[in-house]
Amino acid sequence: MIALQIDNPVIEKFYKEVCKNDTNKLIDTFKDYVENYFILNSVKKGFNEMKLQNEGKIEKKEWKDIIDEI
């Protein structure tokens, strides 16, 4: 069992109203948010690198190497 102390009114409201005071649901929601955040940032980084490559500002890389970095 996890003891939870929430000092943020927005998070507390979300926990009560959306998660129905279910700690597991709150944790899963945060986990999904963090995973999506990292995926989105990886995609943004890839597009930014493509743009810089097309502008000749950085050396072109193979797609395989870019994906491996992500």
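The legends below accompany an overall view and several close-up views of a predicted model.

**Figure 1. Overall view of the protein chain, which contains three helices and zero strands.** Followed along the sequence, the predicted chain has the pattern α-α-α. Its radius of gyration is 19 Å, well over the 11 Å that the globule rule gives for 70 residues, so the chain is more spread out than a compact globule. Along the principal axes, the C-alpha atoms fill a box of roughly 50 × 20 × 15 Å. Buried residues account for 13% of the 70 residues, and the chain exposes about 6,200 Å², of which carbon and sulfur atoms supply 57%. Among the contacts with a separation of 6 or more, 9% are between residues 24 or more positions apart.

**Figure 2. Close-up of the salt bridge between Lys16 and Glu12.** This pair belongs to the two salt bridges found in a search of the whole structure. The closest N and O atoms of Lys16 and Glu12 are 3.1 Å apart. Both residues lie in helix H1, which spans residues 9–17, and they are four residues apart, about one turn of the helix. Lys16 counts as partly exposed, at 46% relative accessibility, and Glu12 is likewise partly exposed, with a relative accessible area of 31%.

**Figure 3. Close-up of the salt bridge between Lys57 and Glu55.** The side chains of these two residues meet at a distance of 3.3 Å, taken from N to O. Lys57 counts as exposed, with a relative accessibility of 59%, whereas Glu55, at 42% relative accessibility, counts as partly exposed.

**Figure 4. Close-up of Thr23 and its polar contact with Tyr15.** Thr23 lies in helix H2, and its side chain makes a polar contact with the side chain of Tyr15 at 3.1 Å. With a relative accessible area of 16%, Thr23 is buried, because this value falls under the 20% cut-off.

Figure 5. Lys61 counts as partly exposed, at 33% relative accessibility. For a sense of distance along the model, Lys61 and Ile27 are 34 residues apart in sequence and 37 Å apart in space, from C-alpha to C-alpha.

Conventions. Residues numbered from 1 in each chain as written. Predicted model: local features only at pLDDT ≥ 70, side-chain atom pairs only at ≥ 80, totals over all residues. Heavy atoms only, no water. Salt bridge = Lys/Arg side-chain N within 4 Å of Asp/Glu carboxyl O. Helix = DSSP H or I, 4+ residues; strand = E, 2+ residues; numbered from the N terminus. Buried < 20%, exposed > 50% of the residue type's maximum accessible area, 1.4 Å probe, protein only. Polar contact = N/O pair within 3.5 Å; in protein donor to acceptor, adjacent residues only side chain to side chain. Rg over C-alpha atoms; globule rule 2.2 N^0.38 Å. Contact = heavy atoms within 4.5 Å. Areas by Shrake-Rupley, 256 points an atom, 1.4 Å probe, with all protein chains shown as cover.
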